[in-house]
Amino acid sequence: MKDNNTNSTDNLLEYLDEMEIDSVELSKDELQKIHKLELEKIKSKKVKVSKRFFNWKISSGLVAACFVLVLSISISVPKIIEHIDQPTKIVNPYIEYNDVDTAIEELGYDAMVPTKMPEEYTISNVVIIDNTILSIDYETASEKINYRTSEKNEDISGDFTIYEDVKQIQIDNKDITIKGNHDKIHLVSWKHNNQSFSMYSNQGLSQKQVIGIIENIE
Amino acid sequence: MEDNTIILLLKTDASQGLYEATKKYGGLVKGICIKILHNRVEDIEECIADTFVSLWKNVNSIDFNKGALKGYIASIARNTAINRYNKLKREQTDYIQNNDFVSEEDLEDEIARKSDSAILQELINDMGEPDKEIFIRRFFLFERVKDIANRLQLTIKTVDNKLFRGKQKLRKQLIERGITL
């Protein structure tokens, strides 16, 4: 349970999230310059950490450290040599798949996916994000729908836009939240059988289209 | 780029994550910094960079499930800009004599300084609308009274009155809780 301090901070953050706040566009040059500054600041933070560590070592006694070092090297050299032959593992949060079935197999549970999309939509991209979210893009020549599902019990849509219209509807006994502007639905999300689902459309969908897709998710 | 993607990038690839975060929210941060640091171009750029580096440093310890990335960034930007403002004020006493950072009234200055404290946020959260938005815009985002009035389609006098009455009420509530501004 959250304490009052956390609640009031959360309230303020949520309020700021929904508020229209004046924005001043960054030029491309400004963006590059600021990004360079950011990288310098990160670098300097790392250097400071190294310096602090070095001072601590001196004050702790170099002789003792050297003794431990020599001892540990003699024990770990064989293991280090063994590791040198292994490739460095880089964690990639996005793993693309050629087809949905392979991605579901990799995901490790029977993820539900749309079996029928509006005409002309074909699968253009299948990705697993952060090992837990199956994300499928369906595209026409000019439009795109992003469908996501996960066993994570949280908002997986990645879209935190504040929409003018938000309402709850029921489709197949599921409570569905639909969000959009000007009669167009941009974001749909729901939970079912301990799984989270979302569907995002940049150009907007009609309610009939949304119902058609959700009724055919298996 | 979606917020979830930016958060993932910040966790896995600092350079790319910072670039995408700055690309998406740099304008918002600049808008906030300008209100506090005015035309100090270099300080504003430093402040924007500090804001996103701070986001990167804390990305693993923050719960973004509520989708408060925009609010969180706005909050860091505001506090980072105030810290820089205070540093400039200490270093250059003639700086900010003629700007509209906050009113010269001590109470307003104190509210602005303390408005990120939990107790003040709690009191502001309990306010009704539009007073709550007026207070947050004035004391958290340092918007001018004239701009607040325009945005909320109120007269300047109405906004001034609401700020005045709100401050009195806040002062009373804080004193009741044993806190003096």
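**Close-up views of a predicted two-chain model**

**View 1. The loop that holds A:Asn194 in the predicted model.** In chain A, the loop between strand 7 (184–192) and strand 8 (195–205) is where A:Asn194 is placed. The model shown here, as in every view below, is a predicted one. Although A:Asn194 is a residue other than glycine, its phi is positive, near 60°. A:Asn194 counts as exposed because it has 9 C-beta neighbours inside 10 Å, and a residue is called exposed if that number is 12 or fewer.

**View 2. The loop that holds A:Asn173.** Between strand 5 (165–171) and strand 6 (174–181) of chain A runs the loop in which A:Asn173 is found. Its phi is positive as well, at about 65°, although A:Asn173 is not a glycine. With 6 other C-beta atoms within 10 Å, A:Asn173 is exposed.

**View 3. The pairing of strand 5 with strand 6 in chain A.** The two strands on either side of the A:Asn173 loop run antiparallel and are joined by seven bridges.

**View 4. The open sheet of chain A.** Eight strands of chain A form an open sheet with antiparallel pairing, and their order across the sheet is 1-2-3-4-8-7-6-5. At the edges lie strand 1 (94–97) and strand 5 of chain A, each of which pairs on one side only. From one strand to the next, the twist averages 20°.

**View 5. Helix 4 of chain A against the sheet strands.** Helix 4 of chain A, made of residues 100–107, lies across strand 1, strand 2 (122–129) and strand 3 (133–139) of the chain, and runs at about 15° to strand 2 of chain A.

**View 6. The contact between chain A and chain B.** To this contact chain A brings 35 residues, while chain B brings 41 residues. On the side of chain A that touches chain B, helix 1 (4–18) and helix 2 (28–60) of chain A each supply at least two residues, and the largest share, twelve residues, comes from helix 1 of chain A. Sorted by class, this side of chain A has 15 nonpolar, eight polar and twelve charged residues.

**View 7. A cis peptide bond in chain B.** The peptide bond that leads from B:Glu129 to B:Pro130 is cis, and its omega is near 5°. B:Pro130 is located in the loop between helix 6 (118–125) and helix 7 (131–140) of chain B.

Key. Residues are numbered from 1 along each chain as its sequence is written. Chains are lettered from A and ligands numbered from 1 in the order in which they are written. This is a predicted model: local features need pLDDT of at least 70, side-chain atom pairs count only at pLDDT 80 or more; totals for chains, interfaces and linings use all residues. Helices (H or I, at least four residues) and strands (E, at least two) are DSSP runs, numbered from the N terminus. A residue is buried if 20 or more other C-beta atoms lie within 10 Å of its own, exposed if 12 or fewer, and partly exposed in between; C-beta atoms are placed from the backbone. Two residues are in contact if their C-beta atoms, placed from the backbone, lie within 7 Å. Ala, Val, Leu, Ile, Met, Phe, Trp, Tyr, Cys and Pro count as nonpolar, Asp, Glu, Lys and Arg as charged, and the others, Gly among them, as polar. Two strands pair if DSSP finds at least two bridges between them. Axes are lines fitted to C-alpha atoms, for helices over the stretch in contact, and angles run from 0 to 180 degrees between N-to-C directions.
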